Number of protein chains: 2
Amino acid sequence: MLINELSKETGVTPHTIRYYEKFGLIKGKRKADVKSNNYFHYDDEVVYKLELIRDAKAVGFTLSEIKNLIDAWYNKKFTIAKKLAILDEKLVTIDERINQLTEMKKLLSDFKKEVVESDC
Amino acid sequence: MLINELSKETGVTPHTIRYYEKFGLIKGKRKADVKSNNYFHYDDEVVYKLELIRDAKAVGFTLSEIKNLIDAWYNKKFTIAKKLAILDEKLVTIDERINQLTEMKKLLSDFKKEVVESDC
DNA sequence: CACAACATTAGACTATGGTCTATGGTTGTG
DNA sequence: CACAACCATAGACCATAGTCTAATGTTGTG
């Protein structure tokens, strides 16, 4: 599929898709048999990657971290040990973030109680 | 205390403290009885606010959101209802983020299992 | 075939959250 | 009193993650 279709399928604008491509997160291919234009074609793997990017960004990973993750996922040159190292690192980060969020939640809940009780 | 002491106490650089002050997150006071200089003085409330800012930033709140939160905390002009609304909103955000992180954790854990199993 | 809709690249611009530099005045220790 | 260490303001600069514009070529429908 071409960039516009990919954009519609994923909700990521063509601009941002090109930005990600330049960043090395995804890759389109030019068809050798098409000589009249130089359009990039994208497959379902790219769709899945864009969804992964969206999710990973939502939890606060930077594009560089996501690149790392995508390499663990798709780069056949990476050894199993290396892939596991990347995954474990991200899992630790996620746990830390969940802990921080839980603490912040407690802080706000406690303060909320205070505010409610002050109303007497 | 002056800005340098505040910086040492909180680990936030004087530069960033001034940036936060310009942003409206904290406020120093000039002493009326000191005429020879125009130094700002900071009290313990500011120390606490800077710690709150550090924690809130760590969980992904923007400075604008934090400003909001600090207003709920310290702004005496806000009604109790308004304070509770702000707090509830932030609590919802935190829950959403925890859910997203939990999902991402599952995704990575599953993929990790796949990688481990591929090693047979 | 005109013309909209789509494709490409390169480069300028934006917001956020700082960080650094310049300039000039103040305070405290040897 | 020299001089380092400190304070203030203003404005330039940086990275991240886009977003927009310009210039130009291609494709598809009436």
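User: How is R54(A) classed by its relative accessibility: buried, exposed or partly exposed?

Analyst: R54(A) has a relative accessibility of 40%. In this predicted model, local features need pLDDT of at least 70, side-chain atom pairs count only at pLDDT 80 or more, and totals for chains, interfaces and linings use all residues, while side-chain values use heavy atoms, without hydrogens and water. Residues are numbered from 1 along each chain as its sequence is written, with chains lettered from A and ligands numbered from 1 in the order in which they are written. Since buried means under 20% relative accessible area, exposed over 50%, and the class in between is partly exposed (1.4 Å probe, protein chains only), R54(A) is partly exposed.

User: Which residue forms a salt bridge with R54(A)?

Analyst: A salt bridge requires a side-chain nitrogen of Lys or Arg within 4 Å of a carboxyl oxygen of Asp or Glu. The closest N and O atoms of the pair are 4.0 Å apart. The partner has a relative accessible area of 36% and is partly exposed; it is D55(A).

User: Which parts of chain B does the salt bridge of D43(B) and K29(B) tie together, and how many residues apart are they in sequence?

Analyst: The side chains of D43(B) and K29(B) meet at 3.4 Å, N to O. D43(B) lies in the loop between β2 and α3 of chain B and K29(B) in strand β1 (residues 29-30), so the parts tied together are separated in sequence by 14 residues.

User: What is the area buried between chain A and chain B?

Analyst: Buried area is the accessible area (1.4 Å probe) that two parts lose on being put together, summed over both. Each chain brings 35 residues to the contact, defined by heavy atoms within 4.5 Å. L101(A), L108(A) and F111(A) lose the most area on the chain A side, together 20% of what that side buries. Carbon and sulfur atoms give 83% of the total, which is about 3,200 Å².

User: How many salt bridges does the rule find across this interface?

Analyst: One salt bridge that joins the chains pairs D95(A) with K105(B), with the closest N and O atoms 2.8 Å apart. Across the whole interface, the number found is four.

Terms used. Helix = DSSP H or I, 4+ residues; strand = E, 2+ residues; numbered from the N terminus.
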